Every structure is written in structure tokens, then in C-alpha cells.
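Visitor: Can you walk me through this one? I'd like the quick version.
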Amino acid sequence: MICRSRPIRQLFAVITLLLPSVVAEAQTRSKAVIEDEENMRNLTVFIAAKGEADSGLFGAGILAGQIPGKLYIVTAKHILEDLKGKPLIVKFYKDRTEYDAAVVKFLPDEMDGDDIAVISVTGKELPRGVAFARAASARIDYDVYTVGHPKHRIWEVSGKPAAVTGTPAGFVDFQSVMVYPGNSGGPLIANNLRFLVGMIVQDRPPQARAIDIAYILSKLNAWHIPCGIKIFSDELMGLK
């Protein structure tokens with residue numbers, strides 16, 4: 001007679017022993033993702049014309065660098081074009097404070113065709129406990145997330161990842177399921193929200209486009225803009 005009850009008891013015992021560690025790992029991952037989301041929100045600002053924050057003209061920007069008493073923000077040039085030279089305000093996620101902003105670098109298309117501009121805020125520094133983004137290069141099929149203000153849902157992180165579909169020189173193309181007005185100038189994030197790979201600039205259904213972060217950093221360097229964003233190697237990225 002073959003008895004099967006003993007192996008089942010043994011299997012149950014093994015599962016019982018493993019279950020707490022599996023649950024603990026899942027909880028740790030969830031906490032890590034939440035922390036990464038919060039950090040990326042803290043590095044993303046809301047940009048609008050002064051007194052017109054509730055209008056349809058607004059966008060996002062990425063905290064790029066600082067000197068004592070001043071923060072530098074990289075954003076999409078077309079946001080400033082849409083605001084037509086009006087005085088700018090910037091809102092910060094962590095404390096919801098609002099500051100006047102000044103244009104630092106804005107070159108007309110005939111001088112520079114890149115959709116990149118830089119603004120600054122005086123009297124503000126990087127929030128305590130927040131670090132500048134870690135950056136890396138995107139690859140085809142990487143999972144990516146968007147951070148921005150789609151349809152005025154401010155500081156929204158896309159709930160599901162999109163996939164990178166192409167990496168033409170200086171750009172990252174990806175599925176545009178979650179890109180709407182208000183995402184422009186915001187971060188494109190890979191590796192479960194840990195690494196900045198680009199800045200969103202265009203929705204071209206069924207795809208959207210971001211400017212590659214390495215290209216942006218090369219522009220900031222050429223313009224002598226202080227920058228705290230650091231590039232990490234693919235080996236450090238780990239899983240996509």
C-alpha cells in the first residue's frame with residue numbers, strides 16, 4: 001500500500017516555512033517602489049504661467065542641479081513657447097510651495113532645434129532627503145513609466161509600464177498609452193522607477209517620444225548648467 005499523506009505533510013511544512021520570507025520580500029519590494037515613486041515625484045515640478053495654473057497651459061520639468069540658493073530645472077522648450085513669454089511659476093511636490101521662475105536657456109528653433117530649455121528658481125534648494133535622479137540608457141523592450149501632470153492630474157505616475165520601441169539618435173520612443181498634455185517635460189523612468197532615461201517631449205500615437213537623458217546632460221554641460229544627475233552603467237541597472 002502506498003501512503004501519500006506524509007509527503008503532503010512535508011510539502012505543507014516547507015510551504016509554511018517559506019511563506020513568511022516570500023511575504024516579507026513582496027512587502028519590501030512594494031515599499032521600495034513606493035519610495036522610488038515619491039523620489040521621482042519630488043524631482044518633478046509643475047510649470048505654468050503665473051496666475052494661470054488652472055488653465056490648460058502647463059507642463060512638467062525635472063530638477064537637474066543646484067548652487068546655494070538656486071535650483072535648475074530642465075524642461076521641454078515647447079512648454080515655454082506655449083506660455084508665450086508670460087511670467088512663470090514652479091510648484092514643488094514635497095511641500096507644494098510655489099516659486100517664481102526665470103528662463104536660463106531658451107534658444108529659438110533656428111538656432112537650436114532641440115526641444116530643451118532650462119529655467120531656475122531662486123531661494124529654493126533640493127528638499128531634504130531627496131537626491132538628484134540616477135540616470136541610465138534605455139534599450140528596446142525596457143519597461144518605462146511616465147511622471148507628470150496628464151490632464152491636470154498632477155504628479156501622476158503611470159500605473160502600468162509601457163515598452164521602449166526604439167532608440168533613434170538622441171531619443172527614446174515608447175508606447176504612448178499614458179501620455180497626455182501635461183506630461184511634456186516630465187521624466188521617463190525605467191528599472192521599476194529607479195533610473196531616469198529621458199524627458200518626455202512628444203505624443204505621436206501609437207508612440208510617444210522622449211529625449212535621451214545622456215543627450216540632455218551633454219547639452220547642460222555645453223551650456224555650463226550645474227547638474228546633479230549622474231549616469232549609471234547598464235551593469236548597475238540590473239533587471240529592466
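Guide: What follows goes from one threonine to the barrel, a helix and the cores. This is a predicted model: local features need pLDDT of at least 70, side-chain atom pairs count only at pLDDT 80 or more, and totals for chains, interfaces and linings use all residues. Residues are numbered from 1 along each chain as its sequence is written, and side-chain values use heavy atoms, with hydrogens and water left out.

Visitor: Where does Thr 44 sit?
Guide: Thr 44 is in strand S1, residues 44–49. Strands (E, at least two residues) and helices (H or I, at least four) are DSSP runs, numbered from the N terminus.

Visitor: Is Thr 44 buried or exposed?
Guide: Thr 44 counts as buried because its relative accessibility is 0%. Buried means under 20% relative accessible area, exposed over 50%, partly exposed in between (1.4 Å probe, protein chains only).

Visitor: What is Thr 44 in contact with, sequence neighbours within four places aside?
Guide: The list includes Tyr 93, His 149, Trp 155 and Pro 187. Contact means heavy atoms within 4.5 Å.

Visitor: Switching topic. How do the strands of the barrel run?
Guide: The barrel is closed and has six strands, in the order S1-S2-S3-S6-S5-S4, with antiparallel pairing. Two strands pair if DSSP finds at least two bridges between them.

Visitor: How many bridges join S4 to S5?
Guide: Four bridges join S4 (residues 88–91) to S5 (residues 98–105). Ile 89 stands opposite Asp 100 in S5.

Visitor: And helix H3, which residues are buried there?
Guide: In H3 (residues 213–222), the buried ones are Ile 213, Ile 216, Leu 217, Lys 219 and Leu 220. They lie on the same side of H3, because they cover an arc of only 160° around the axis. That arc is taken from the directions from the helix axis to the C-beta atoms. Asn 221 and Ala 222 are exposed on the other side of H3.

Visitor: What comes after H3?
Guide: His 224 follows, with a positive phi near 60°.

Visitor: Last one. Which residues have the most contacts inside the largest nonpolar core?
Guide: Leu 63, Val 90 and Leu 220, in a core of 46 residues. A nonpolar core is a set of buried Ala, Val, Leu, Ile, Met, Phe, Trp, Tyr and Cys residues joined through side-chain atoms within 4.5 Å. A second, separate core has 14 residues, among them Ala 138, Val 144, Val 164 and Ile 200.
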